[in-house]
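Please look over the two-chain model below before reading on. The numbered points that follow are my notes on it.

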Amino acid sequence: MGLGFMVGVLGVLFLFHAAYSTIQYRGLLKIMEEEFSGPPMNVVLELLLGFVFCISAALTVPGNFLSIHPDSEENRIVSLSANLDFMIFNHRAKALPSETDMKLKH
Amino acid sequence: MVSKTEETQLNRLENQVDNGGGGAWEYLCLVRKLKVRRSEKVLKYGLSILNDPKKRSALGPEEWTLYEQVAIAAMDCQCLNVAKDCIKALLKKFPESKRVGRLEGMLLEAKGLWAEAEKVYSSLLEDNPLDQVIHKRKVAMAKAQGNISGAIESLNKYLEIFMADHDAWRELAEIYVSLQMYKQATFCYEELILSQPTVPLYHLAYADVLYTLGGLENLQTSKKYYASTIDLTGGKNTRALLGVCLCTSAIGQVSKGRNKEDKESPELQSLAAKALEKEYRQKADDKLGLLTSALRSLKI
């Protein structure tokens with residue numbers, strides 16, 4: 001959690017810095033009266049790096065992936081629950097009462 | 001529904017609790033969540049928590065859930081005085097509760113006082129005619145008295161109102177199977193597969209019923225559903241693998257001489273047989289001979 005989260009924070013900071021650099025660059029271009037065609041190379045690199053950091057943080061921080069395969073161990077249903085709403089008490093417990101006398105003490 | 005990981009977790013906890021390793025409350029929670037019937041153990045460990053004032057007060061409001069769980073388990077074990085004491089404690093805390101009223105009805109059922117239980121349930125239904133659990137208790141009561149046709153009738157009436165209740169559909173299917181009314185049971189299982197198509201056990205049960213019905217068409221459908229069970233379980237269900245083998249052999253016998261043109265997926269049964277042999281070799285090597293001779297007698 002700690003490391004992944006820090007990477008995410010770093011990624012967001014990178015993105016903000018890239019945005020700030022682009023704005024600054026545009027301001028510079030306006031002064032020099034040149035046409036804006038795209039951000040400079042180092043800003044694009046920073047942008048990509050921030051993007052990768054953010055994605056990796058988004059994939060690791062919230063938790064592990066769950067399997068969607070129906071035959072995986074987590075999803076494979078091996079038995080149905082006993083239908084407890086329809087449970088009936090007519091069974092061998094009636095004939096074989098448990099020997100230990102249990103009692104609720106209060 | 002109990003998945004494979006949940007099953008291993010339950011077994012591990014059960015072992016741990018049985019050997020005095022603690023974790024009784026976690027075990028009881030898991031039993032409640034998975035809705036498995038472990039009444040004797042729930043009674044034993046639940047009661048030991050309830051009888052220990054320190055542990056009991058540590059549960060907070062969960063204490064009352066435990067009382068209910070232990071009460072039902074005690075009825076299942078015919079420890080009626082424990083059940084009565086639990087219900088008394090619950091009644092003191094929640095004097096007007098319907099849920100406790102239901103427990104009282106169940107206690108009467110466990111005692112075999114059917115008429116009184118019926119009266120309790122009827123009065124509860126008057127207050128809330130759409131209480132699903134009470135309706136189900138009435139069905140169970142009819143079944144417990146041996147009045148199976150009455151149970152079927154009221155269950156059908158119940159399902160007309162609450163069509164999405166798959167537990168009830170399953171109960172109806174099982175009752176029909178127990179009466180050998182397979183046609184009706186197939187309808188229930190179809191309903192179950194429609195509502196929960198990813199549960200392999202419904203596919204398996206449907207295939208079993210169709211195989212029991214027999215006839216070429218049913219056998220072919222049954223084989224398909226065994227195959228879908230294999231698909232959903234990743235081939236880890238032995239019964240489905242055996243079912244495919246049996247269906248293939250039965251289809252071969254039924255359509256003998258009729259010279260069927262469609263020999264669909266001829267490799268299916270040999271693959272199933274191979275998977276079975278592999279599984280037996282891994283888990284029960286000494287029974288491999290039995291399996292191979294059984295498969296040979298099916299002529300596949």
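1. Chain B is split into domain 1 (1-95), domain 2 (98-162) and domain 3 (186-256 + 265-300); the bounds come from an automatic or database domain assignment. Between domain 1 of chain B and domain 3 of chain B, the C-alpha centres are 38 Å apart.

2. On provenance: this is a predicted model, in which local features need pLDDT of at least 70 and side-chain atom pairs count only at pLDDT 80 or more, while totals for chains, interfaces and linings use all residues. Residues are numbered from 1 along each chain as its sequence is written, and chains are lettered from A and ligands numbered from 1 in the order in which they are written.

3. Chain B has 17 helices and one strand, where helices (H or I, at least four residues) and strands (E, at least two) are DSSP runs numbered from the N terminus. Its C-alpha atoms fill a box of roughly 75 × 45 × 30 Å along the principal axes. Of the 300 residues in chain B, 35% are buried (20 or more other C-beta atoms within 10 Å of the residue's own, with C-beta atoms placed from the backbone).

4. Chain A holds three helices and one strand, in the order α-α-β-α from the N terminus. Its radius of gyration is 32 Å, whereas a compact globule of 106 residues would have one near 13 Å (taken over C-alpha atoms; the globule rule is 2.2 Å times the number of residues to the power 0.38). The C-alpha trace of chain A spans about 100 × 40 × 20 Å along its principal axes, and buried residues make up 10% of the chain.

5. The contact between the chains takes 42 residues from chain B and 28 residues from chain A, two residues being in contact if their C-beta atoms, placed from the backbone, lie within 7 Å. On the chain B side, helix α9 (residues 132-144) gives the largest share, six residues.

6. Strand β1 (residues 77-79) of chain A pairs with strand β1 (residues 2-3) of chain B in the antiparallel sense over two bridges; pairing requires at least two DSSP bridges between the strands. Within this pairing, Ile77(A) stands opposite Ser3(B).

7. The unreviewed UniProt entry annotates residues 45-66 of chain A as "transmembrane region"; such annotations may be inferred rather than shown by experiment, and positions are given in the numbering used here. In the model, residues 45-66 of chain A are 73% helix and 0% strand, with the end C-alpha atoms 33 Å apart.

Key: Buried ≥ 20, exposed ≤ 12 C-beta atoms within 10 Å, placed from the backbone.
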